[in-house]
Amino acid sequence: MTTLMITPKLAFLLVAFSLGELGDGLNIFQGIYLVGMGWKEGSVGAALSLMGLTTLLIQPLAGDWVDKATLDRRVFLAVASIVTALSASSILWVHPVVRMNGNHHNDGDDGATAIANGDHLLIYTSKVLEGIASSFIGPCLAALTLASFGPHHFDAVMASNIFWGHVGSVSAAVLAGMVAYVLYPNIKYCFLVIGASALVAIVFVKYLPQGDPLMGRGFRGKVAMDQHGLVQELSQDETDHSSHVSSSSSSEENLPLVQKEKHDNDDDNEPPTAASYMQVFLDPKTCILCLTGFFFHFANANVLLVLGELMGGGHDEDGSVRRTAIPLTAGAIVTAQVTMAIATWAGDKLTAVGVGRKPLFLAGILSLPIRCALIIWWKDAGSARLLSTQVLDGIGGGLLGLIHPYLVADITFGTGRFNVVMGLTASFFGLGATLSNFLGQMIVEHFGHVASLSGSLLLSIAPILIFSLMPETYGCRGSSNHSQHPHSNKVVTKKVGYQSINV
């Protein structure tokens with residue numbers, strides 16, 4: 001038996017990469033595949049929208065559950081990954097739609113109709129399950145990160161998680177696109193990428209540190225690791241008597257070794273008291289973040305759909321998507337995800353040298369009106385120029401995706417409501433995206449692509465104005481109205497220890 005020594009950050013990196021490959025179930029490729037199997041575009045849209053709608057409704061509940069659950073979050077992360085992969089892979093069992101010629105109808109047509117109805121039920125059900133399971137993946141991973149690394153190293157490790165998640169998405173899109181292109185028109189085997197990603201995630205999830213479960217929901221903790229596995233003691237100011245600083249009442253076996261030693265000598269085992277839901281939901285900073293994200297995604301989500309329609313690709317004579325549309329679609333995904341990874345890396349470096357949350361978040365928001373204007377200007381300039389606008393999508397998505405958990409951690413530190421606010425804000429973002437796709441496509445149908453893009457351009461000004469009201473939160477973690485003393489956690493080096501994997 002050999003022992004492979006890895007740092008906790010590397011364990012999170014591997015899991016984030018694998019979960020990034022899971023992505024959203026490669027929905028774009030699924031849409032192409034279902035259309036090729038004879039599904040109507042409306043049915044495809046309904047199936048893919050079900051996941052988004054379910055996620056929209058479940059995310060706040062999922063975040064609240066992750067905050068309150070006594071179950072090891074690593075277990076639920078593994079289960080959610082498996083369910084997501086199985087649900088997304090259920091598309092492999094879809095049968096081709098049998099077209100009826102004229103008014104001819106026989107018993108075989110009844111059988112084909114029954115199969116088609118069963119396939120619709122299978123996909124619709126799988127998308128609901130996928131939406132539920134995927135709602136827990138983000139909160140579980142964020143909670144484990146905060147629980148293990150505490151408020152001081154959360155930003156750096158979370159940035160690494162997000163970066164490698166984008167790299168995983170790029171890898172999945174490239175691999176799936178290659179498989180689909182080579183095996184065209186039988187592209188269903190590209191979805192095996194999802195199953196393989198889930199297996200990799202499951203292998204490494206069990207090696208993630210659990211950390212301090214209470215610190216994972218936003219309470220102050222007593223010990224945390226740095227990026228290299230160095231265990232540090234988080235001492236508290238003597239003047240800090242906030243109820244949120246009480247020690248954990250969790251069972252000793254759920255705590256890291258060093259924290260067990262501290263609890264052995266700790267006389268105060270009163271559980272911390274979480275802030276009320278209304279206290280954190282009505283915090284002006286929470287409201288500003290929710291509204292900013294809502295209007296940004298309200299303006300943004302439909303832009304990619306319109307862009308795809310402008311780039312074209314068309315259909316073959318039999319109604320299926322052309323083979324050339326596959327690399328074009330994969331190219332759009334890869335361009336955005338590569339740029340998101342670069343933007344995440346740059347945002348992490350800028351944060352490390354003291355650049356605040358507000359300028360970085362605003363930079364991401366400002367990319368949207370520029371992107372809309374360029375697409376309108378280049379609408380007849382060919383696919384290459386239109387595809388290049390995905391760089392701006394990557395900048396916006398990368399910076400917003402990075403700064404979003406930073407802001408929530410700043411706002412909720414000491415409240416015990418970190419994950420439920422993550423879920424709440426994500427639901428507002430998702431609601432904006434859902435309305436954008438619905439209303440944006442209605443405008444395209446009645447007034448054309450330019451009118452829809454012009455609407456997105458005008459709407460993209462709203463999040464800029466709203467977020468301008470947000471105070472800077474960088475360096476203020478723990479200084480909200482929910483905790484009495486800012487910066488009460490000091491770092492004292494305690495001892496070194498690394499995660500080990502027995503192979």
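Leaving aside neighbours within four places in sequence, Ile137 is in contact (heavy atoms within 4.5 Å) with Leu19, Leu77, Ala80, Ser81 and Thr84. The model is a predicted one, in which local features need pLDDT of at least 70 and side-chain atom pairs count only at pLDDT 80 or more, whereas totals for chains, interfaces and linings use all residues. Residues are numbered from 1 along each chain as its sequence is written, and side-chain values use heavy atoms, with hydrogens and water left out.

- Ile137 belongs to helix α5 (residues 107–183), where helices are DSSP runs of H or I with at least four residues, strands are runs of E with at least two, and both are numbered from the N terminus.
- With a relative accessibility of 12%, Ile137 counts as buried; buried means under 20% relative accessible area, exposed over 50%, and partly exposed in between, for a 1.4 Å probe and protein chains only.
- Between Ile137 and Val66 there are 71 residues of separation in sequence, while their C-alpha atoms are 10.0 Å apart in space.
- Gln337, found in helix α10 (residues 325–352), is likewise counted as buried, at 14% relative accessibility.
- Once neighbours within four places in sequence are set aside, the contacts of Gln337 are His166, Ser169 and Val170.

**Aromatic pairs**

- A pair of aromatic rings is described by the distance of the centres and the angle of the planes.
- The count of aromatic pairs comes to eleven, under the rule that rings of Phe, Tyr and Trp (its six-membered ring) pair if their centres lie within 6.5 Å, with planes under 30 degrees apart counted as stacked, over 60 as edge-to-face and the rest as tilted.
- Trp65 and Phe76 form a tilted pair, with 4.5 Å from centre to centre and 40° between the planes; because Trp65 lies in helix α3 (residues 41–68) and Phe76 in helix α4 (residues 73–89), this pair ties together parts that are eleven residues apart in sequence.
- Both members of that pair are partly exposed, Trp65 at 30% relative accessibility and Phe76 with a relative accessible area of 21%.
- The pair of Phe154 and Phe418 is edge-to-face, because the ring centres are 5.8 Å apart and the planes stand at 90°.
- Since Phe154 lies in helix α5 and Phe418 in helix α14, the pair ties together parts that are 264 residues apart in sequence, and both of these residues are buried.
- Trp65, Phe76 and Phe136 are linked into a cluster by ring pairs.

**Crossing of α14 and α15**

- The axes of helix α14 (residues 418–447) and helix α15 (residues 449–459) come within 7 Å and cross at roughly 145°, the axes being lines fitted to C-alpha atoms over the stretch in contact and the angles running from 0 to 180 degrees between N-to-C directions.
- Gly440, Ile443, Val444 and Phe447 of α14 make the contact together with His449, Ala451 and Ser452 of α15.
- By class, the residues of the contact of α14 with α15 comprise four nonpolar, three polar and no charged, where Ala, Val, Leu, Ile, Met, Phe, Trp, Tyr, Cys and Pro count as nonpolar, Asp, Glu, Lys and Arg as charged, and the others, Gly among them, as polar.

**Cysteines**

- The count of disulfides, defined as pairs of cysteine sulfur atoms within 2.5 Å, comes to zero.
- The sulfur of Cys287 is 6.7 Å from the closest cysteine sulfur, that of Cys290, which is too far for a bond.
- Cys287 is partly exposed, with a relative accessible area of 30%, whereas Cys290 counts as buried at 5% relative accessibility.
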